[in-house]
Amino acid sequence: LTQSPPPSNMKSDKNATGQIAFAVGLLAGSIATLLLTTSRKNKTQDADAPQTSRNDAAQLSTQTMPDEIRSEMLSRNSLYFESSNGMPNITNSSVLVVGLGGVGSHTAHMLARSGVKYLRLVDFDQVTLSSLNRHAVATLKDVGLPKVTVLCNHLRQICPDESRLILDPVVKMYTGDRERDGTMMDPPDGVKQW
């Protein structure tokens, strides 16, 4: 017995089914993002809503960190850079991170944890459901918020002392055009270059 190939309309039916499934998934994801974003905006506009982590981060930013605690936090890094006296180079450095997605958010997170003193964080985008699987610190509660804001809030919880971790958030798209970008690419005062 020989088996005849499936009719050509059967192949197109499978292809059409796959396209429909993709469209339904895309629509469901869009609706979920819209609902979460709307829900988040309504909660932030509600005067009776409990304080969010943004307020907690703002309160933390006024705290100072004792030398002993900061020293212990960076003790493993200090051991590694001890022979070259490299740790002061890290704790006095200024770093610009453009793009806070899957790579940039992890980079900025680790730079802050390693003791870098000044971080300018640049991104125009908001946290979405589809970015949660790769962003370093974003959660469902952060959907709809700027990635810069979410990351700054998290980093401030790690180091609440603004004299030891200076965060310079820029919610703007980097274009490469000096006129449109303005001073976002300029190093901070007192720093010659990035």
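This briefing covers salt bridges in the structure above. The model is predicted. Side chains of opposite charge can pair when their charged atoms come close.

**K147 and D125**
- K147 belongs to helix α7, which covers residues 147-158, while D125 sits in the loop between β2 (118-122) and α7.
- The pair therefore ties together parts that are 22 residues apart in sequence.
- K147 has a relative accessibility of 8% and counts as buried, because buried means under 20%.
- D125, with a relative accessible area of 31%, is partly exposed.

- D161 pairs with R164 in a salt bridge, and their closest N and O atoms are 3.4 Å apart.
- D161 is buried, at 3% relative accessibility.
- R164 is partly exposed, its relative accessible area being 22%.

**R178 and D186**
- A salt bridge links the side chains of R178 and D186, at 2.8 Å from N to O.
- D186 has a relative accessible area of 25%, so this residue is partly exposed.

Technical notes: Residues are numbered from 1 along each chain as its sequence is written. This is a predicted model: local features need pLDDT of at least 70, side-chain atom pairs count only at pLDDT 80 or more; totals for chains, interfaces and linings use all residues. Side-chain values use heavy atoms; hydrogens and water are left out. Helices (H or I, at least four residues) and strands (E, at least two) are DSSP runs, numbered from the N terminus. Buried means under 20% relative accessible area, exposed over 50%, partly exposed in between (1.4 Å probe, protein chains only). A salt bridge is a side-chain nitrogen of Lys or Arg within 4 Å of a carboxyl oxygen of Asp or Glu.
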